[in-house]
Amino acid sequence: MKIRLNPDAEVVAKIKAGLERTGGYCPCRLQRIEENKCMCREFREQIKNPDFEGYCHCYLYYKEK
């Protein structure tokens, strides 16, 4: 298993800027709750699944099998 950033530097820059604006909360989520703090709970749960391969909700991180 490997977690890496999106290879698209423009996407990474936009998401990181959004994280700075929101105090670390996923800029793609409306609610500012603990489970939406980057790396969000949804993606942490997906990481635990050995069959999951793909991007997190905001496309900042990618999990490889």
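Mentor: Happy to, and let's begin with Glu 10, which is exposed at a relative accessible area of 52% (buried means under 20%, exposed over 50% and partly exposed in between, with a 1.4 Å probe and protein chains only). Before going further, note that this is a predicted model, in which local features need pLDDT of at least 70 and side-chain atom pairs count only at pLDDT 80 or more, while totals for chains, interfaces and linings use all residues. Residues are numbered from 1 along each chain as its sequence is written, and side-chain values use heavy atoms, leaving out hydrogens and water.

Glu 10 has a partner in Lys 14: the two form a salt bridge, with their closest N and O atoms 3.3 Å apart (that is, a side-chain nitrogen of Lys or Arg within 4 Å of a carboxyl oxygen of Asp or Glu). Lys 14 is exposed as well, with a relative accessible area of 56%. Both sit in helix H1 (residues 9-21), and because they are four residues apart there, about one helical turn separates them. Helices (H or I, at least four residues) and strands (E, at least two) are DSSP runs, numbered from the N terminus.

The whole structure holds five salt bridges, among them one between the side chains of Arg 29 and Glu 42, at 2.1 Å from N to O. Here Arg 29 lies in the loop between H1 and helix H2 (41-48), whereas Glu 42 belongs to helix H2, so the pair ties together parts that are 13 residues apart in sequence. Glu 42 is partly exposed, at 37% relative accessible area.

Lys 48 is exposed at 62%, while Glu 45 counts as partly exposed at 45%.

Now for what surrounds these pairs.

With several cysteines in view, what is the disulfide count? A disulfide is a pair of cysteine sulfur atoms within 2.5 Å, and by this rule the count is zero. Cys 28 is in none, its nearest cysteine sulfur being that of Cys 26 at 4.1 Å; Cys 28 is partly exposed, at 39% relative accessibility. Cys 58 is in none either, with the sulfur of Cys 56 nearest at 3.7 Å, and Cys 58 is buried at 9%.

Helix H2 also leads us to the sheet. H2 lies across E1, E2 and E3, running at about 15° to E3 (axes are lines fitted to C-alpha atoms, for helices over the stretch in contact, and angles run from 0 to 180 degrees between N-to-C directions). The sheet is open, with three strands in the order E1-E3-E2 and antiparallel pairing; two strands pair if DSSP finds at least two bridges between them. Its edge strands, E1 (2-5) and E2 (54-55), each pair on one side only. E1 and strand E3 (residues 61-64) are joined by four bridges, and Lys 2 has Glu 64 of E3 as its bridge partner. E2 meets E3 through two bridges, with Tyr 55 opposite Tyr 62.

Tyr 59 is partly exposed, at 47%. Back in the loop between H1 and H2, where Met 39 is found, a cis peptide bond joins Cys 38 and Met 39, with omega about 0°.

Note on methods: Contact means heavy atoms within 4.5 Å.
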